[in-house]
Amino acid sequence: MVGRERRHTVTFPRERILERIRRSLAGAHGDGPAPIPRAYRRNGTLPRDQLLTRFVERVEDYHAKVTRVRAHGLPGAVAAALSSRGVRRLAVAPDLPADWLAGLAPSLEVLRDGVPQLLSPGQLSSASGVLSGCALAIAETGTLVLDGGEGQGRRALTLLPDYHLCVVSTSQVVEMVPEAISALAAAVRDRRAPITFISGPSATSDIELSRVEGVHGPRTLEVILVEDS
Amino acid sequence: MRVALFVPCFNDACFPGTLKATVRVLERLGMEVDVPRGQTCCGQIHFNTGYRREAYRLMERFLKVFAGCGTVVAPSASCVAMVREQYAEMAAGVGDPRLEEEVRGLAARTFELSEFLVGELGVEDVGAHFPHRVTFHPTCHSIRGIHVGDAPLRLLRAVRGLELVELPHALECCGFGGTFAVKNPHTSLAMMEDKLRHVRETGAGVLTAVDNSCLLHLMGGMRREGWLGEGEVGSGPGSAGKVWVVHLAEILASGEGG
Amino acid sequence: MRRGTRPGFPAAAPAALADQQLRRNLGKATTTIRAKRAAVSGEMPDWETLREAARAIKADALSNLHQYLERLEESVTRAGGAVHWAGDAVEANRIVAELAAAAGAGEVVKVKSITTDEVGLNRALEARGIVPVETDLAELIIQMAGESSSHFLVPAIHKNRTQIRDLFREHLGRPGLSDDPAELAEAARLHLRQKFLRAQVAVSGANFAVAETGTVGVVESEGNGRMCLTLPRVLITLMGIEKVLPRFQDLEVFLQLLPRSATGERMNPYTSLWTGVTPGDGPREFHLVLLDNGRTRVLADPVGRQALQCIRCSACLNICPVYERVGGHAYHAAYPGPIGSILMPQLLGPGVHDSLPFASTLCGACADVCPVKIEIPRVLLHLRARASDGTGAGSFQERWLMRILGWVFRSPFLYRLGVRTARGLLARFARDGWVHTLPGYGAGWTLGRDLPALPRESFQEWWEGRGGIP
């Protein structure tokens with residue numbers, strides 16, 4: 001290739017694209033970002049008990065079971081759920097609170113991720129269930145939100161086992177999506193937290209557009225809602 | 001009150017009865033109706049088919065014809081939509097503020113018949129008598145173009161003797177779409193078939209709407225299939241099972257005084 | 001200037017319309033989804049203000065696209081990711097294939113991405129000896145059937161459960177499989193499980209990328225997204241440049257509008273938001289490939305550019321009476337339906353998709369449901385004129401008919417003459433007051449409709465004759 005030609009073909013795609021954008025927008029009123037009209041609902045208005053009821057209803061809409069307990073009833077509820085599900089091997093995050101496991105039958109094997117080393121995909125798959133906490137929950141949409149924080153672990157942990165039991169404190173429940181996004185912003189900015197929104201078990205709408213449960217993620221999702229006031 | 005009648009081209013040539021009925025209704029309500037001379041076409045056919053330059057010329061002509069008029073009324077939602085929506089777009093595209101001003105002024109005083117009666121005059125009962133079972137097709141231009149809302153239904157409900165039957169899947173497009181009807185005929189006909197099936201399901205003897213364009217398409221299909229009622233509504237041998245197609249204006253004009 | 005629109009849509013539609021199975025599948029699917037979308041959007045008192053916010057955010061993103069893309073690049077890089085720029089499909093495929101090859105992958109797992117379909121990535125990977133493994137159920141079905149997608153959200157919408165069962169029986173070696181959707185989903189799960197656990201490289205698309213933080217998002221249902229985005233060592237994401245969002249806060253608008261508009265749910269099962277690379281959690285290498293491929297061309301048209309606001313929810317497809325009857329394949333485009341009809345001609349320029357802006361009755365139902373308020377009918381009309389700079393780009397017959405009609409409409413004298421002529425002509429060919437066959441341009445009308453002969457007097461003739469007394 002001739003020298004001149006080479007220089008031409010090495011014009012960087014980045015510069016070319018940015019230049020095309022600038023040219024396309026020339027003449028348009030691009031005097032910086034315009035104010036965005038945010039007249040939509042930004043904050044919830046439901047009183048506490050209605051908020052929690054809505055959360056429970058919306059999660060149950062996705063065919064996920066919800067059990068409500070007081071703080072002292074948590075270990076028992078966890079044990080009962082796992083036993084009822086027949087979980088023999090449970091995966092948990094390295095920092096899952098120990099007292100959540102206080103009620104477990106000794107025969108139940110607990111695999112703590114990262115203690116001492118990270119569980120392989122195969123090992124994670126071999127666990128029939130995972131127990132985790134969450135960052136927050138959204139009542140309006142029945143959504144659990146994980147951000148890798150306390151008791152949640154890395155993303156693969158709550159993905160591979162077929163049963164996900166998630167503990168949500170009532171103080172973690174917000175009403176609306178904008179409240180959740182606001183609450184998550186700090187973790188994203190500070191530690192680039194990877195966020196996962198979970199609304200029911202995995203499903204597909206690809207067959208005749210009707211939602212069918214149970215594809216690749218955990219096919220059973222269960223929630224224990226703990227009163228922590 | 002003086003009202004200028006906007007005569008849509010295809011109504012002029014194909015459905016003069018609708019325009020006569022429009023005049024009757026307006027006069028019955030005390031309006032003085034003028035018909036500006038030399039009307040041709042608002043330009044919708046050209047505009048919608050992509051021949052915008054020609055549509056622009058027709059818009060200029062239309063503005064001249066209606067320059068001296070006050071309120072303008074037409075028994076056609078699609079033509080009114082052209083004047084209210086597309087004229088503004090064409091004027092903006094040329095960048096002539098005076099033209100934009102003139103178009104804005106005209107748009108503000110141009111109405112489709114049902115929205116004029118209900119919205120401007122505040123009238124729902126126009127003294128009509130039409131003792132038939134009627135179903136109403138809300139045309140896309142009237143609902144989504146100029147937002148007449150339920151004005152036509154209010155008018156129909158006030159007609160003496162009229163039994164209004166709801167059309168299933170009413171808001172679905174009938175498939176006319178202007179030149180779409182000839183450029184994509186198979187799809188147009190598939191949509192028409194579904195709409196006609198819904199019309200038959202109502203058991204109504206009369207189909208009505210505010211746009212003769214859609215009605216031309218639907219009646220054409222009914223005629224081809226052999227169940228279009230012709231002549232006076234409900235008359236003639238074998239009228240059972242037939243459906244007559246009557247523009248809203250003609251229903252409103254019928255009865256005593258009509 | 002090119003004259004005459006290619007056959008395109010009008011030629012492809014009849015066969016699709018005649019396919020009764022397709023009509024039934026589409027009709028059932030779209031009717032179901034329409035009802036769900038209406039319900040979950042109807043229960044939101046602030047639905048309209050959300051739409052307005054979404055429109056404003058997207059308009060802002062497009063008006064300042066170069067700045068937001070630079071900021072996105074900065075944020076992603078700071079977070080440990082790498083950003084690549086692809087001017088067109090060829091560049092995009094080369095970049096992705098080279099990254100996959102550099103990672104030593106013999107196969108890559110893919111999360112559904114119509115953007116990768118748009119550039120033909122699978123073919124490019126196969127040419128390099130890399131096997132693309134589709135993990136999305138619909139893409140799997142399409143791949144098995146050897147077809148292309150007919151709907152960008154639900155690519156196999158044209159298939160019913162029985163047809164899917166037959167494909168699975170053949171390609172997954174499961175002769176006894178029933179057509180129960182749950183069983184079909186289970187079959188897909190078992191088939192792909194091992195692929196996920198062993199995958200080293202994944203290729204995904206993205207629904208959004210936030211300039212402020214470098215956060216990229218994928219909205220999905222099955223969990224194959226989560227699998228592909230977290231298990232492999234290397235993640236390559238191909239994303240159209242128009243998907244950038246200015247601020248993290250903007251997600252709160254789209255995470256409400258998208259699930260409700262797309263699948264009619266309050267929230268889809270899984271949404272993954274990741275920012276660069278997180279040590280010990282997910283891929284060790286993240287590459288974001290920004291794709292132009294005609295988007296800057298769309299951006300140059302002040303009226304047409306709103307097509308780039310699209311968030312690919314498919315609400316417009318699901319409500320379109322034309323799409324419902326014809327299906328996606330007749331559009332011969334990666335993006336069919338109403339949005340495809342305004343996006344494809346602009347992405348590719350004049351030629352291939354000239355017939356698409358005309359594949360619409362302009363009923364406006366799409367504009368009512370579009371969560372980002374794209375004025376689809378307005379852009380359709382704009383494109384119909386744009387192709388010919390307003391002089392019309394139809395067939396020879398059409399152009400002449402329009403020209404004659406134009407002369408006629410410009411002169412009251414010619415108009416009256418025209419009406420009389422039409423009256424005479426139709427009367428000649430009418431039987432019992434109706435014409436059954438029209439020639440040439442009008443033939444489409446009489447394919448299934450009669451045309452009435454004209455009345456003896458037009459309204460204006462009658463009005464003048466009577467001196468104006470009704």
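A salt bridge is counted here where a side-chain nitrogen of Lys or Arg lies within 4 Å of a carboxyl oxygen of Asp or Glu. In the predicted model, Glu89(B) and Arg378(C) form such a pair, with their closest N and O atoms 3.1 Å apart. Across the interface of chain C and chain B, 10 salt bridges are found by this rule. Between chain C and chain A the count is 12 salt bridges, among them the one in which the side chains of Glu140(A) and Arg260(C) meet at 4.0 Å, N to O.

Two pairs of chains touch, and the pair with the most contacts is that of chains A and C. Chain A and chain B, in contrast, are joined by no contact, and their closest C-alpha atoms lie 15 Å apart.

The interface of chain C with chain A draws on 101 residues from chain C and 72 residues from chain A. About 7400 Å² is buried between these two chains, with carbon and sulfur atoms giving 57% of that area. Residue pairs in polar contact, with both residues at pLDDT 80 or more, number 32 between chain C and chain A. On the side of chain C that touches chain A, helix α10 (residues 181-198) of chain C gives the most, with 11 residues. By class, this side of chain C is made up of 48 nonpolar, 26 polar and 27 charged residues.

Strand pairing also links these two chains. Strand β9 (residues 195-198) of chain A runs antiparallel to strand β9 (residues 270-275) of chain C, and four bridges join them. Within this pairing, Ile195(A) stands opposite Leu273(C).

The interface of chain C with chain B involves 69 residues from chain C and 65 residues from chain B. The area buried between the two is about 5900 Å², of which 61% is on carbon and sulfur atoms. The residues of chain C that lose the most area to chain B are Phe409(C), Arg449(C) and Phe459(C), which together account for 13% of what that side buries. The most residues on the side of chain C that touches chain B come from helix α19 (residues 396-410) of chain C, which gives eight. That side of chain C comprises 35 nonpolar, 18 polar and 16 charged residues.

Within chain A, strand β4 (residues 129-132) pairs with two strands named here. Three bridges join β4(A) to strand β2 (residues 89-92) of chain A in parallel, with Leu131(A) as the bridge partner of Val92(A). Another three bridges connect β4(A) to strand β7 (residues 163-169) of chain A, again in parallel, and Ser132(A) stands opposite Cys166(A) there. In a regular strand the side chains alternate between the two faces of the sheet. Both faces of β4(A) are covered: Gly129(A) and Leu131(A) are buried on one side, as are Val130(A) and Ser132(A) on the other.

In chain B, four strands make up an open sheet with parallel pairing, in the order β6-β5-β7-β8. Strands β6 (163-165) and β8 (244-245) of chain B stand at the edges; each has a single partner strand, so one side of each is left without a neighbour in the sheet. Strand β7 (residues 206-208) of chain B is joined to β8(B) by two bridges in parallel, and the bridge partner of Leu207(B) in β8(B) is Val245(B).

Note on methods. Residues numbered from 1 in each chain as written. Chains lettered and ligands numbered in written order. Predicted model: local features only at pLDDT ≥ 70, side-chain atom pairs only at ≥ 80, totals over all residues. Heavy atoms only, no water. Contact = heavy atoms within 4.5 Å. Buried area = accessible area lost by both parts, 1.4 Å probe. Polar contact = N/O pair within 3.5 Å; in protein donor to acceptor, adjacent residues only side chain to side chain. Nonpolar A, V, L, I, M, F, W, Y, C, P; charged D, E, K, R; others polar. Pairing = 2+ DSSP bridges. Buried < 20%, exposed > 50% of the residue type's maximum accessible area, 1.4 Å probe, protein only.
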